[in-house]
Amino acid sequence: MEFFCYHRDRAGSVTLRDELLEEHWSYMDRYAEGMIARGPTFADDDTPTGSVHIVDLPDPAAARAFAFDEPNYQAGVYRDVLLRRWRNMLGRTMWDFPGGRTGGHRYLVLGLGTGQTVDLAVPPNRDELIAFGPLLSDDATTWLGTAALVRSPDPESARAVLAADRYADIEVHDWEFGGRR
């Protein structure tokens with residue numbers, strides 16, 4: 001089962017985040033085999049604002065353990081966690097993205113759903129998508145939104161990957177490939 005996990009940073013936690021970097025990476029190394037995508041999000045001034053992990057895990061209980069046993073979460077770096085089932089519509093990992101790790105701007109686009117399911121088909125600009133899929137309830141029967149990692153020239157173009165009028169809210173965050181260098 002695939003899960004989307006977005007830990008959002010607590011204000012003023014950058015120093016603690018930096019101190020725990022090796023612990024965070026060591027923790028994530030335990031999940032390397034099932035990792036689909038990972039990486040930090042940033043504010044306009046390059047301050048970290050969160051951490052995205054899309055990972056294949058056995059069940060919702062394992063996903064909750066993954067999210068809440070994470071060292072940064074345990075130490076108070078994060079203010080909240082968005083954890084949802086997810087479906088890998090591209091069938092690949094971020095490491096398989098033809099555009100590679102560098103070049104161009106990358107964004108996390110979160111469409112928070114309400115009502116009728118939308119964006120279940122992969123958009124036509126597939127070559128710019130790093131990861132794309134629906135956010136689902138634990139039992140995968142209820143659509144709750146869409147999460148995408150996309151290479152795009154600017155936030156407005158990244159936002160356009162989702163049908164704007166079909167979501168309660170769409171968030172766009174600067175994002176980069178994560179993990180050990």
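Which strand has the lowest confidence in the protein, and which the highest? Strand S8 (residues 167-175) is lowest, at a mean of 94, and strand S1 (residues 2-9) is highest, at 98. Strands (E, at least two residues) and helices (H or I, at least four) are DSSP runs numbered from the N terminus. The score is pLDDT, the predictor's confidence in each residue, from 0 to 100.

This is a predicted model, in which local features need pLDDT of at least 70, side-chain atom pairs count only at pLDDT 80 or more, and totals for chains, interfaces and linings use all residues. Residues are numbered from 1 along each chain as its sequence is written, and side-chain values use heavy atoms, leaving out hydrogens and water. Colour by confidence to begin: the protein averages a pLDDT of 93, and 98% of the residues score at least 70.

**Stop 1: aromatic rings**

Select Tyr27 and Phe66. They form a tilted aromatic pair, 6.2 Å centre to centre with 35° between the planes. Rings of Phe, Tyr and Trp (its six-membered ring) pair if their centres lie within 6.5 Å; planes under 30 degrees apart are stacked, over 60 edge-to-face, the rest tilted. By this rule there are 6 aromatic pairs.

Tyr27 sits in helix H2 (residues 21-29) and Phe66 in helix H3 (residues 60-68), so the pair ties together parts 39 residues apart in sequence. Tyr27 counts as buried because its relative accessibility is 6%; Phe66 is buried too, at 1%. Buried means under 20% relative accessible area, exposed over 50%, partly exposed in between (1.4 Å probe, protein chains only).

Now select Trp175 and Phe177. This pair is tilted, at 5.3 Å and 45°. Both residues are buried.

**Stop 2: Arg106**

Go to strand S5 (residues 105-113) and pick Arg106.

Look instead at Gly100. The Arg106 side chain reaches its backbone oxygen at 2.6 Å. Beyond neighbours within four places in sequence, Arg106 contacts (heavy atoms within 4.5 Å) residues including Trp175 and Phe177.

**Stop 3: Leu110**

Stay in strand S5 and select Leu110. Leu110 is buried, with a relative accessible area of 0%. Among the residues Leu110 touches, not counting those up to four places away in sequence, are Phe4, Tyr6, Leu82 and Ile170. Finish at Ala163, 53 residues from Leu110 in sequence and 11 Å away in space, C-alpha to C-alpha.

Definitions and conventions:
A polar contact is a pair of N or O atoms within 3.5 Å; within protein, one must be able to donate a hydrogen and the other to accept it, and residues adjacent in sequence count only if both atoms are side-chain atoms.
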